[in-house]
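Let's take a walk through a protein model and see which side chains meet up.

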Amino acid sequence: MKQFPGITILWNVAFLSLFFSLSPLRAQGLTIGSEEQDSGREITIAVAANFKKPFEEIKVLFQKRFPHWKIISLYGSSGHLTNQIRNGAPVDLFLSADLDFPNSLYEEGFSDSPPEVYAEGILVLVSNKSLGAYRNIEEILTSSETKTIAMANPRTAPYGKVTLEFLKELRVWKSIEGKMVYGESVTQVNQFVITSAADIGFTSYSSVKANEVEWNDWKPLDRKMVPSIRQGKILLKSQGPITNEKKLVLQQIYQLIGSKGLDPILKKYGYEIPNRTLERKLKGTKRGRSI
């Protein structure tokens, strides 16, 4: 099985030390999880489908850190999650697959602060059969043996949008458009390929890392044509009264996502670590949008 260069990393105890060394809210005069307080504390986090596997690990750590808080996770394409938020879904924090969707929510007044990059994703080509006989991506796509090609819906899924841009830049879109089948998100693209409903598909490298035994073959794409996808997080305004306790819990969770302490999980699933110094400079500017 192919490995993407420079991404494999071992989990280490140092991460857990860093995670649990964060100052608890109790030090700020709040008794998180005390028995006399209401047990109905909930935090809802909407998560782009490509980030499901790493978030499941991150969520376990959050539950250990805040054992008396219920963390609800919603998964789907970034576009559909954005529409749900616009339509009143009670979401506290949104982890998108790009910066454009959370930026639009910020500009529409759903948040007091612009989004920040928490990870950078990588687009790859996956297959249910060996690709060794082909010389390049163009040959794979245009081959008569390739009957169907799966991609995420470019209108609602950032990985689909990047796929479409790549295929047009490769100058093969018009010749293969009739082969395309569309999934709501990369999760559905993965299902199409794994079940042979599609011969090949464009998905996130994190999907390959999360389920390496399920893929027959995969190919990296030219990084000059397909740069990493900057994925944005945004803390949303509450739709009703919110306690100071919940505000503090949300702030800690928001700060942890994309922090150095979680880098081992990101690397484990094939994400690249953002240039945090650069991202701080870009925050809140138009340059902060997906590129």
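## A buried pair to start with

Phe-166 and Phe-202 are both buried, where buried means under 20% relative accessible area, exposed means over 50%, and partly exposed is anything in between (1.4 Å probe, protein chains only). Together, Phe-166 and Phe-202 make an aromatic pair of the edge-to-face kind, with 6.1 Å from centre to centre and 65 degrees between the planes. The rule here is that rings of Phe, Tyr and Trp (its six-membered ring) pair if their centres lie within 6.5 Å; planes under 30 degrees apart are stacked, over 60 edge-to-face, and the rest tilted. This pair links distant parts of the chain, 36 residues apart: Phe-166 sits in helix α6 (residues 158–169) and Phe-202 in strand β8 (residues 200–204). Helices (H or I, at least four residues) and strands (E, at least two) are DSSP runs, numbered from the N terminus.

A quick word on the ground rules. This is a predicted model, in which local features need pLDDT of at least 70 and side-chain atom pairs count only at pLDDT 80 or more, while totals for chains, interfaces and linings use all residues. Residues are numbered from 1 along each chain as its sequence is written, and side-chain values use heavy atoms, with hydrogens and water left out.

How many aromatic pairs does a search of the whole structure find? It turns up four. In one of them, the ring centres of Phe-51 and Tyr-118 are 5.0 Å apart and the planes stand at 75 degrees, so this pair is edge-to-face. Phe-51 belongs to the loop between β1 (42–48) and α2 (52–65), while Tyr-118 is in strand β4 (residues 116–121), so the pair ties together parts that are 67 residues apart in sequence.

Is Phe-51 buried or exposed? Phe-51 is buried, with a relative accessible area of 0%, and Tyr-118 is buried too, at 1%.

## Charges over rings

Lys-52 lies over the face of Tyr-75, 5.2 Å from the ring centre. A charge counts as sitting over a ring if NZ of Lys or CZ of Arg is within 6 Å of the ring centre and within 35 degrees of the ring normal. Lys-233 does this with Tyr-254, at 4.1 Å from the ring centre.

## Salt bridges

Side chains of opposite charge can pair when their charged atoms come close. A salt bridge here is a side-chain nitrogen of Lys or Arg within 4 Å of a carboxyl oxygen of Asp or Glu, and by this rule the count comes to nine. Among them is Glu-57 with Lys-268, at 2.6 Å from N to O. Glu-57 is in helix α2 and Lys-268 in helix α11 (residues 263–268), so the bridge ties together parts that are 211 residues apart in sequence. Glu-57 is partly exposed at 23% relative accessibility, and Lys-268 is partly exposed at 37%.

Lys-233 turns up again here: its side chain meets that of Glu-116 in a salt bridge of 3.8 Å, N to O. Lys-233 is in strand β10 and Glu-116 in strand β4, so this pair joins parts that are 117 residues apart in sequence. Lys-233 is buried, with a relative accessible area of 4%, whereas Glu-116 is partly exposed at 24%. Another bridge puts Asp-112 and Lys-237 together at 3.6 Å, N to O. Asp-112 counts as exposed at 63% relative accessibility, while Lys-237 is partly exposed at 41%.

## Two loop residues with positive phi

Which residue has a positive phi of about 65 degrees although it is not a glycine? That's Arg-171, in the loop between α6 and α7 (173–176). Arg-171 is exposed, with a relative accessible area of 76%.

Ser-196 also has a positive phi, near 70 degrees, and is a residue other than glycine. Look for Ser-196 in the loop between α8 (186–194) and β8; Ser-196 is partly exposed, at 48% relative accessible area.
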